[in-house]
Amino acid sequence: MDNLPEYLQSLLQHPTIQQFTSSPIASNLAHLHATYLDPSVAHIKESYLDPSLAHLRLTYLDPYIVQPIAHLLASMPDLASVLVLIFILFVSFKVLDYTRRAVMFWVWLTMRLAWWATIISLGLYMYQAGWAKVARDLGFVFNFLVGLLEQVGRGMEESTAARAGEKPSRGSWQRT
């Protein structure tokens, strides 16, 4: 902690941060880090990452990002909670957007698969049954739909007439 700037050291001495670092979760995470992560990347970290990250931290992060944010957070604790709230909202909206995109992908994929399965099934049926049987079946389906629409139309006329107290007129939905 000696290599950290003073403003970060004072921030790390805050009671909330101290309570978090003394919690069992933090000690377990530190143990896992020391046991599994440190031995495997120690050489890479010491030879490649530390010099370049130190240069990046000293050149860009400390003067332009860390110092202004630390001064801002240390001077106004209410602003800190507002910034945390904004960050949490931003992350929440990003997660919700990702979830919406994932759901819409699967819905559209299912719709496309159902569409192409229907087209291929109809094509195979036409190929196997022949044009004459397909024409008869289309006539049957057309007549069924016309009868269904006539029945719905009659039901709508009767319900409208019953509400108005009139006798339903015959013939407007009947075939001749």
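1. Arg154 and Glu150 lie four residues apart in helix 5, so about one helical turn separates them. The two form a salt bridge, with their closest N and O atoms 4.0 Å apart. Glu150 counts as buried, at 14% relative accessibility, whereas Arg154 is partly exposed at 26%. Please keep in mind that this is a predicted model.

2. Helix 5 covers residues 131-164 and also holds Lys133 and Asp137, four residues apart and thus separated by about one helical turn. Their salt bridge has its closest N and O atoms 3.4 Å apart. Lys133 is partly exposed, with a relative accessible area of 35%, and Asp137 is partly exposed as well, with 26%.

3. In helix 4 (residues 77-129), Asp97 and Arg100 are three residues apart, again about one helical turn. A salt bridge joins them, the closest N and O atoms being 3.0 Å apart. Asp97 is partly exposed at 26% relative accessibility, and Arg100 is partly exposed at 47%. Together with Arg101, these two residues are linked in a network of salt bridges. The count of salt bridges comes to four.

4. Which residues make the nonpolar surface patch of about 700 Å²? They are Leu53, Leu56, Tyr60, Leu61, Tyr64, Ile65 and Ile69. Ile69 belongs to helix 3 (residues 24-75) and is partly exposed, with a relative accessible area of 45%.

5. The unreviewed UniProt entry annotates residues 69-93 and 105-127 as "transmembrane region". In the model, residues 105-127 are 100% helix and 0% strand, with the end C-alpha atoms 33 Å apart.

Conventions. Residues are numbered from 1 along each chain as its sequence is written. This is a predicted model: local features need pLDDT of at least 70, side-chain atom pairs count only at pLDDT 80 or more; totals for chains, interfaces and linings use all residues. Side-chain values use heavy atoms; hydrogens and water are left out. Patches are made of residues with over 30% relative accessible area and no salt bridge: like charges are joined within 9 Å, nonpolar side chains (Val, Leu, Ile, Met, Phe, Trp, Tyr) within 5 Å. Accessible areas come from the Shrake-Rupley method with a 1.4 Å probe; for residues, only the protein chains shown count as cover. A salt bridge is a side-chain nitrogen of Lys or Arg within 4 Å of a carboxyl oxygen of Asp or Glu. Helices (H or I, at least four residues) and strands (E, at least two) are DSSP runs, numbered from the N terminus. Buried means under 20% relative accessible area, exposed over 50%, partly exposed in between (1.4 Å probe, protein chains only). UniProt positions are given in the numbering used here, feature names are shortened, and annotations may be inferred rather than shown by experiment.
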